[in-house]
Amino acid sequence: MFKGQPKGLYALALANTGERFGYYTMLAIFLLFIQAKFGYSAAVSTQIYSIFLAGVYFMPLLGGILADKIGYGKCVTLGIAVMFLGYLCLAIPTGANITGQILMFGALALIAVGTGLFKGNLQVMVGNLYDDAKYSSKRDAAFSLFYMAINIGAMFAPSMAKAVTNFFLKGAGLVYDANIPALAHQCMDNTITPENMEKLTQLASSMSGAAGMDMATFSTYYIEQLSTAYNYGFAVACVSLVLSVLIYFGTKSWWKHADVNAKQAKAATTTSANEPELTPEQTKSRITALLLVFAVVIFFWMAFHQNGATMTLFARDYTAAITEGITRIGFNIWSLALIAISVYTLFSVFQSETQKAKAISGIATLALWGGAYALYSSMPTQVEIQPSDFQQFNPFFVVALTPFSLAIFAALAKVGKEPSAPRKIGLGMIVAAIGFLILTVGSMGLASPKELGGTVSPDLISPNWLISTYLVLTFAELLLSPMGISFVSKVAPPKYKGMMMGCWFAATAIGNYLVSIPGLLWDKLPLWGIWTLLIALCLLSALFIFSMMKKLENATK
């Protein structure tokens, strides 16, 4: 799995891990933040969320075009600086007024531009490591490992966001409750019903920070304190970027040879001989194949990134806020971390070349399992959960399942039956449809968001429905995302590498903007209708890519 990989892979992957940790810490609470602070509706909130995601994933196209001219490393460095400034602005507490909105939208713009300069170009540099014939056969596995490293950062992010939020709320004598933000805004706007006022009063009476306050004062106080707690959560991204900078520049000698674009390679006689010469027909064929793949992944990301939009709303309004039994282990990030690590030590038992190494790996695996069980045993019988907690499951599953994915495809490759990257992408779309089918079944019989009127459903379902959906969507993601990035780095004509990687993210950007469509329909359709729409789009995308399979596979030959 790790054997024979260039050490530049680990350096660039760890630099990306730090950056992604900060980004996903911010993203875990962003939708909740803008709804709590500004009182935006689900439609407006998901629209802002999707436009921001679209910006984050569209800007790598411009960043790639720039890097093809001035160099990848320069763009990565500039991107880190711009992102840091954006997160810093987002971390500043402000009032819920026009000034606060201007600062927030300005911060989001900076984060999008910085990510555009950083993200795609770092991945091009990873791909450049595998232009060397010595490593070329390990390209797909490398991007799976790189993708796994990204998700290590993402796995810890929701817990960090929750910990920071709860810490500052506790200091104000408050606790988080999913009901309060909407009820508080209704109270502040004088639109609250007597029934909801009674509910708000009951919730406030359990908090020491509300002592002596009337409900209008409490509502304003709660919103201000919750918004400020979220601001401090965004500051985590600044710290994680500093760590990324230290890793990136501290390991420069490991990856410096990969920081070369086509123009620079042509000027260097030592590398120009290694650059493949393509005919105009070959260039056109490859770009056409890439564009077809980009068209499909638009709809995958539209569906997948509901995790921060409608799936977060579903977690807040329809999913039980308390869990019991074995499910509790999923809400202890340290137990999940030990389980994820144990997967790698378990694989090491079978892959190690000496008996001593196998024994050490086996003992480590048992110790990790023991530690995870001990943490689970020490948890209370009932665990309170927050909507953002569910966003740790997808990255956990990515980290834990990556070795299985690599092992399966390695075994298929040995017998000459490994699917091509386009075929894996098509299969991923089918699996994604199955994931939303699970959520459709779980939503049957639940009241529509319109019927709830912004409050939490009285009929709450088990967290296992969402956890199962995240598990299946992760299988789809592993088939599609790392394979797609690897496909782009392999097929893109050398002089257009930055641009083509940028186009991959531009397609992702379009998909992320389309994330807003289910949000706009949130108050208009029954829940099962939202999920069925996503199922249909995934299946139609799969049908499209399989119909184009021959053309796609021929372009890679």
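How many of the 32 residues of H1 are buried? The count is 28, so helix H1 is largely enclosed by the rest of the structure. Buried means under 20% relative accessible area, exposed over 50%, and partly exposed in between, with a 1.4 Å probe and protein chains only. This is a predicted model, in which local features need pLDDT of at least 70 and side-chain atom pairs count only at pLDDT 80 or more, while totals for chains, interfaces and linings use all residues. Residues are numbered from 1 along each chain as its sequence is written, and side-chain values use heavy atoms, with hydrogens and water left out.

**Helix H1**
- Helices are DSSP runs of H or I with at least four residues, strands are runs of E with at least two, and both are numbered from the N terminus.
- Gly-39 follows H1 and has a positive phi, near 70 degrees.

**Salt bridges**
- A salt bridge is a side-chain nitrogen of Lys or Arg within 4 Å of a carboxyl oxygen of Asp or Glu. By this rule there are four salt bridges.
- One of them joins Arg-20 and Glu-19, with the closest N and O atoms 2.7 Å apart. Both Arg-20 and Glu-19 are buried.
- Another links Lys-162 and Asp-389 at 3.0 Å, N to O. Lys-162 is in helix H5 (residues 139–171) and Asp-389 in the loop between strand S2 (383–384) and helix H17 (393–414), so the pair ties together parts 227 residues apart in sequence.
- Lys-162 is buried at 18% relative accessible area, and Asp-389 is buried at 3%.
- Lys-424 and Glu-418 also form a salt bridge, at 2.8 Å, N to O. Lys-424 is buried at 1%, whereas Glu-418 is partly exposed at 32%.

**Individual residues**
- Ile-339 belongs to helix H15 (residues 333–351) and is partly exposed, at 26% relative accessibility.
- Leaving out residues up to four places away in sequence, Ile-339 touches Ile-329, Ala-372 and Phe-396; contact means heavy atoms within 4.5 Å.
- Asn-196 lies in helix H7 (residues 194–204) and is buried, at 14%.
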